[in-house]
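Welcome! Take a look at the sequence and the 3D view below, and then let us walk through them together.

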Amino acid sequence: MDKLAEVNSVMLAVFGISFFGSIRSLTKALLRQQDKRQQEKELLKSSFLMLKDSQLAILHNKIYTNCGEFLEAGYISIDDLDDLNYLFNAYKSLGGNGTGETLYNKVVALPNKNEGR
């Protein structure tokens, strides 16, 4: 222990910092770095959720608009049905609600025509 105290005194005299002060400074730096990483993770998570919500809103709008047009026309073409399937599957995988599914199911039940919109 005397040897450690002597080393500590020499470090303090030469470098202006003790062994224990070095450990304390290093620990603080590591904790700051950990906090920074945690903040970055939270920011990424928040950004991801905002992106997901915006994609869901765009898909929601497109599905509702298209379904309204198809229901008004009373039919849907095979190509339009294929496009609607892609939109709806993405919408559903992002957590889209039951109203979109209700409209989708009504459109899927429409007669098919080969002509486009």
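Of the 117 residues in the chain of this predicted model, 21% count as buried. The chain has 4 helices and 2 strands, and their order from the N terminus is α-α-β-α-α-β. If you take the contacts between residues at least 6 apart in sequence, 70% of them join residues at least 24 apart.

**The aromatic cluster**

- How many aromatic pairs does the structure hold? There are 2 of them.
- One is made by Phe88 and Tyr91, whose ring centres are 6.3 Å apart with planes at 45 degrees, so this pair is tilted.
- Phe88 and Tyr91 both belong to helix H3, which covers residues 78–93. They are 3 residues apart there, so about one helical turn separates them.
- Are these two residues buried or exposed? Phe88 counts as buried because its relative accessibility is 7%, under the 20% cut-off. Tyr91 is buried too, with a relative accessible area of 2%.
- Phe88 also pairs with Tyr104: the ring centres are 4.0 Å apart and the planes meet at 5 degrees, so this pair is stacked.
- Like Phe88, Tyr104 is buried.
- Put together, Phe88, Tyr91 and Tyr104 form one aromatic cluster.

**Helix H4 and its buried face**

- Which residues of H4 are buried? They are Gly100, Leu103, Tyr104 and Val107.
- Look down the axis of H4 and you will find these buried residues within an arc of 100 degrees, so they line one face of the helix.

**The nonpolar core**

- The largest nonpolar core has 16 residues. Those touching the most other members are Ile63, Cys67, Ile76, Leu84, Tyr91 and Val107.
- Helix H2 (19–73), H3 and H4 each give this core at least two residues.
- Leaving aside residues up to four places away in sequence, Val107 touches Cys67, Phe70, Leu71, Ile76 and Leu84.

**Around strand E1**

- Ser77 sits in strand E1, which spans residues 76–77.
- Ser77 is buried because its relative accessible area is 3%, under the 20% cut-off.
- What lies 3.0 Å from a polar atom of the Ser77 side chain? The backbone nitrogen of Asp80 does.

**Two lysines to look up**

- Where does the charged end of Lys113 sit? This end is over the ring of Tyr75, 4.5 Å from the ring centre.
- Lys92 is a residue of helix H3. Lys92 counts as partly exposed because its relative accessibility is 39%, and that class runs between the 20% and 50% cut-offs.
- Lys92 and Leu59 are 33 residues apart in sequence, and in space their C-alpha atoms are 9.6 Å apart.

Conventions:
Residues numbered from 1 in each chain as written. Predicted model: local features only at pLDDT ≥ 70, side-chain atom pairs only at ≥ 80, totals over all residues. Heavy atoms only, no water. Phe/Tyr/Trp six-rings, centres within 6.5 Å; stacked < 30°, edge-to-face > 60°. Buried < 20%, exposed > 50% of the residue type's maximum accessible area, 1.4 Å probe, protein only. Lys NZ or Arg CZ within 6 Å of the ring centre and 35° of its normal. Arc of directions from axis to C-beta. Core = buried A, V, L, I, M, F, W, Y, C linked by side-chain atoms within 4.5 Å. Contact = heavy atoms within 4.5 Å. Polar contact = N/O pair within 3.5 Å; in protein donor to acceptor, adjacent residues only side chain to side chain.
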